[in-house]
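Hi,

Here is the structure I said I would pass on. Have a look first, and my notes on it follow below.

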Amino acid sequence: VADWNDQGRVFDAVRLSLRRAAVELDAFYAKTGEKQAFQKDAAGKVLRGAPEDADLAVLHARLTRFAAFRPSLTAVYDRVGARRQHRVTAGLFLDGAPLKGLTYSAEFYYQAGRQRPQTTEEEIGAFFGAVGLGYTAAVRMSPSLSLWYEHVSGDDDKKDGTTRTFDTLFATNHKFYGFMDLFLNLPADTGGLGLQDLGGRLALEPLRGVTLWLDFHHFEPAKRDPVYGTTTLGNELDLLLRWKINAYLTTEGVYGVFFPKLGISNLRGGGKDTEHFGYVQLDLRI
């Protein structure tokens with residue numbers, strides 16, 4: 001479920017799970033599109049969607065025996081009939097806490113398959129990689145520092161018969177690429193050029209139930225723009241203040257600022273002015 005959206009996202013699926021000691025196994029299948037569900041007019045023309053089925057199947061295994069070393073293996077198969085797409089995304093996620101207050105993570109996924117989005121069939125060969133490191137000090141206000149780097153592969157040659165742009169599938173990118181949601185829809189939001197995100201977070205708990213974050217993101221495309229040749233997309237700073245009033249009520253305020261560079265101006269045809277963003281929300285859970 002994507003909690004950030006007013007319209008939640010869920011799957012009607014069949015799921016099998018196994019939990020034995022330190023091993024977790026999950027498998028599920030969902031039909032994400034059904035030919036019979038698309039609306040047609042009197043002449044049989046499709047009014048909405050595509051007249052084809054779409055399917056999703058996932059296998060996931062995780063080992064949790066050791067706190068310092070918790071590997072996960074994931075394989076995702078998705079088929080979209082309208083695009084003649086048959087794609088597999090598979091890879092490894094590894095995280096752990098080797099020392100008190102210290103955490104790390106690393107992951108790598110590769111996408112392979114075939115698709116025909118227009119009239120020409122394409123091979124798929126794309127990848128995603130990320131590393132992260134965090135430390136929380138065991139002192140008053142629990143100060144912590146987190147650092148990360150993510151690489152979403154892109155494609156700067158649309159005519160070579162292979163798409164190298166990684167599709168983040170059903171990702172909740174709001175959680176990872178800044179509160180201003182400039183890169184919410186990948187690969188569309190970078191024109192298929194991919195994305196690199198180098199950043200960090202400073203966090204404090206100044207009072208009980210109060211959390212303060214300061215995030216920094218430096219955004220680059222994974223591939224240079226074949227027309228303009230520019231690279232840097234921009235930098236984003238986000239400040240979050242969250243107060244958990246009680247077990248049912250939480251309030252949150254965010255202020256974000258984005259400093260655009262020539263890369264994003266050329267990509268989207270926008271200006272070079274600094275952009276500002278903010279919100280205050282009240283979350284009631286009963």
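**What I found**

Of the contacts in the chain with a separation of 6 or more, 49% are between residues 24 or more positions apart. Keep in mind that this is a predicted model. The chain has 1 helix and 14 strands. Buried residues make up 34% of its 286 residues.

Next, the empty space. A probe the size of a water molecule, rolled over the atoms, shows where it is left.

Counting those of 30 Å³ or more, there is 1 cavity. The largest cavity has a volume of about 60 Å³. Its lining is made up of Thr190, Leu193, Pro221, Asp225, Thr230, Thr231, Leu233, Gly263 and Leu267. By class, that is 4 nonpolar, 4 polar and 1 charged.

I also looked at the second largest pocket, which has a volume of about 980 Å³. A total of 42 residues line this pocket, and Arg83, Arg87, Asp167, Leu186 and Pro187 are the ones nearest its centre. Which strands supply at least two residues each to this lining? They are β3 (54–63), β4 (70–80), β5 (85–99), β6 (102–115), β7 (122–136) and β9 (162–163). Sorted by class, the pocket lining has 17 polar, 13 nonpolar and 12 charged residues.

Cheers

Key
Residues numbered from 1 in each chain as written. Predicted model: local features only at pLDDT ≥ 70, side-chain atom pairs only at ≥ 80, totals over all residues. Heavy atoms only, no water. 1 Å grid on protein atoms, 1.4 Å probe; cavity = no way out; pocket = protein on both sides within 12 Å on 5 of 7 lines; lining within 4 Å. Points joined across faces, edges and corners; volume = space filled by probe spheres on them. Nonpolar A, V, L, I, M, F, W, Y, C, P; charged D, E, K, R; others polar. Helix = DSSP H or I, 4+ residues; strand = E, 2+ residues; numbered from the N terminus. Buried < 20%, exposed > 50% of the residue type's maximum accessible area, 1.4 Å probe, protein only. Contact = heavy atoms within 4.5 Å.
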